Amino acid sequence: MRTLRSLKRFGAAALTLGALACGGTDPNKLDVRAEDGTDLPLRAVTPELQARFNEGDKLFDVTYGEADGLGPLYIRVACSSCHQGASRGPGSVQKMAVVGADGVTPAEDQSALAYGHTVRPFKAAGATQAIQAPANATNVKLSLRVGPAVFGRGYLEAIADSEIERMQAEQSTRDDGIHGRVNRVTYHSQANPEQAFQHYQPGQTNLIGRFGVKARIASLDEFTADAMQGDMGITSPMRPTEAANPDGLTDDGKPGVDVDLTRVNAVGDYMRLLEIPKRAEPNSDGVRLFSQARCDVCHVPSLRTRADYPFAPLAGRDAPVYSDLLLHDMGPALADGMVDESAGSRDWRTAPLIGLRFFNDFLHDGRAKTLQDAILAHQGPGSEANDSVRRFQQLSSAEQTALIDFVSSL
């Protein structure tokens, strides 16, 4: 049944990609479960975890209406609106920030954005005013964030804190400008006593951020509760308060908290259990060139997960995520004016290189339409990636193609 769903979701494109990954295998004989699906559970999943995955998968696709607590303001009506097929997009979020004269540095005074930094264009449950960017405000920078893929995110959560800290320590001694750092974040939710993945308390600080393009959230259940509240206006015991809005509404069409912890945790577990899409055997030249260009300093091929992670298939193993999960200064060209915890306007978490063959665009805002465009966009004044981009540009055309082919196979 999972195979049929994947076939329906990706159609002929998925079959063709699978055939290429298998070296031209007849697509009519492909096992999509084993090859290319993006909405499939861990390969070592137990029947119990498979049932958990199915439950969360169903809830991930639920469309919310006013009677379910949608609004008063919202951006999307379902988790899958921003992460269709557990992949990237098509939904997106528009952010706004008051910036200084350089158009990049966040201004000290952000009071012009009385209801926060997120555009919420749609209204429900009696709301009469949406949250939009201030009209004619020349000092407000607008930016886009495409909904990221959520497959393989359990691997990111399972990576040991010590591994991420090790990456920071190792990079601090480099002489090529690469000096990633952990985004130390605060837990902004209420405690979640119904799961075993974290036991954070409201206001707890110094956590390692992993999720979001600036690594502002530490765990997948908080990622879920945050997205429900911020994107759909769906409150939960972890995030029981409606987001501030111009009408001053404190509730919606469903009185009180909209969903219970059981739902939040089921969706969180669905993301924890999503597998990294199966990869083709890499070309050795591509692997070598990826390292030669020093792409693997930030896009670290593998980090070790903690031995006590509650889902056994992810515990004590190498997580092939191609990320150090650290923040890096990418210069003013990619800056968005936003501050997320200790991440500044120019800082971005190293994007995990997982399932890129399913993407139609790249970078946080989708500005890059090809992988080569994405690589070159890493270059700019003060960017930590300048040396790597220079090394890429010094490769021959054939070598550049080999490197890109390798990345696209991940």
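The exercises below concern a predicted model, and each one comes with a worked solution.

**Exercise 1. Overall build**

Task: Describe how the protein chain is built, and decide whether its radius of gyration agrees or disagrees with that of a compact globule.

Solution: 
- Step 1: Begin with the elements. The protein chain has 12 helices and 10 strands.
- Step 2: Look at the extent. Along the principal axes, the C-alpha atoms fill a box of roughly 60 × 55 × 40 Å.
- Step 3: Compare the radius of gyration. For 410 residues, a compact globule would have a value near 22 Å, and the protein chain has 21 Å, so the two agree.
- Step 4: Turn to burial. Of the 410 residues, 52% count as buried.

**Exercise 2. Enclosed spaces**

Task: Find how many cavities of 30 Å³ or more the model has, and describe what lines the largest cavity.

Solution: 
- Step 1: Recall the idea behind the search. Rolling a probe the size of a water molecule over the atoms shows where empty space is left.
- Step 2: Count. There are 4 cavities of 30 Å³ or more.
- Step 3: Take the largest cavity, with a volume of about 890 Å³. Its lining has 38 residues, and the closest to the centre are His299, Ala351, Leu353, Leu363 and His378.
- Step 4: Ask which elements contribute. Strand S10 (347–349) and the helices H10 (371–376), H11 (386–393) and H12 (397–408) each supply at least two lining residues.
- Step 5: Sort the lining by class. It holds 27 nonpolar, 6 polar and 5 charged residues.
- Step 6: Now visit the second largest cavity, which holds about 80 Å³ of space. Among the residues lining it are Pro148, Arg153, Phe211, Val213 and Arg349. This lining divides into 6 nonpolar, 1 polar and 2 charged residues.

**Exercise 3. The largest pocket**

Task: Work out which helix or strand gives the most residues to the lining of the largest pocket.

Solution: 
- Step 1: Note the volume. The largest pocket contains about 1100 Å³ of space.
- Step 2: Find the centre. Of the 45 lining residues, Lys95, Thr118, Arg216, Asp226 and Asp231 lie nearest to it.
- Step 3: List the elements that give two or more residues. They are helix H4 (79–82), strand S2 (92–98), strand S4 (140–146), helix H7 (220–232) and helix H8 (261–273).
- Step 4: Pick the main contributor. H7 gives the most, with 9 residues.
- Step 5: Check the classes. The lining divides into 21 nonpolar, 12 polar and 12 charged residues.

**Exercise 4. Rings and charges**

Task: Classify the ring pair of Tyr187 and Tyr200, then see which charged residues sit over rings.

Solution: 
- Step 1: Get the total. The structure holds 12 aromatic pairs.
- Step 2: Classify the pair. The ring centres of Tyr187 and Tyr200 are 5.5 Å apart and their planes meet at 65°, so this pair is edge-to-face.
- Step 3: Tyr187 and Tyr200 both belong to the loop between strand S5 (184–185) and strand S6 (207–208), 13 residues apart. Tyr187 has 1% relative accessibility and so counts as buried.
- Step 4: Phe359 and Phe362 are tilted, at 6.3 Å centre to centre with 50° between the planes. Both Phe359 and Phe362 are buried.
- Step 5: Look for a cluster. Ring pairs link Phe53, Phe60 and Tyr270.
- Step 6: Arg88 lies over the face of Phe359, 5.8 Å from the ring centre. The charged end of Arg272 sits over the ring of Phe197, at 3.8 Å from its centre.

Methods
Residues are numbered from 1 along each chain as its sequence is written. This is a predicted model: local features need pLDDT of at least 70, side-chain atom pairs count only at pLDDT 80 or more; totals for chains, interfaces and linings use all residues. Side-chain values use heavy atoms; hydrogens and water are left out. On a 1 Å grid over the protein atoms alone, a cavity is a set of points where a 1.4 Å probe fits but cannot get out, and a pocket is an open set with protein on both sides within 12 Å along at least five of seven lines; lining residues have an atom within 4 Å of a point. Grid points are joined across faces, edges and corners, and a volume is the space filled by probe spheres set on the points. Helices (H or I, at least four residues) and strands (E, at least two) are DSSP runs, numbered from the N terminus. Ala, Val, Leu, Ile, Met, Phe, Trp, Tyr, Cys and Pro count as nonpolar, Asp, Glu, Lys and Arg as charged, and the others, Gly among them, as polar. Rings of Phe, Tyr and Trp (its six-membered ring) pair if their centres lie within 6.5 Å; planes under 30 degrees apart count as stacked, over 60 as edge-to-face and the rest as tilted. Buried means under 20% relative accessible area, exposed over 50%, partly exposed in between (1.4 Å probe, protein chains only). A charge sits over a ring if NZ of Lys or CZ of Arg is within 6 Å of the ring centre and within 35 degrees of the ring normal. The radius of gyration is taken over C-alpha atoms; the globule rule is 2.2 Å times the number of residues to the power 0.38.
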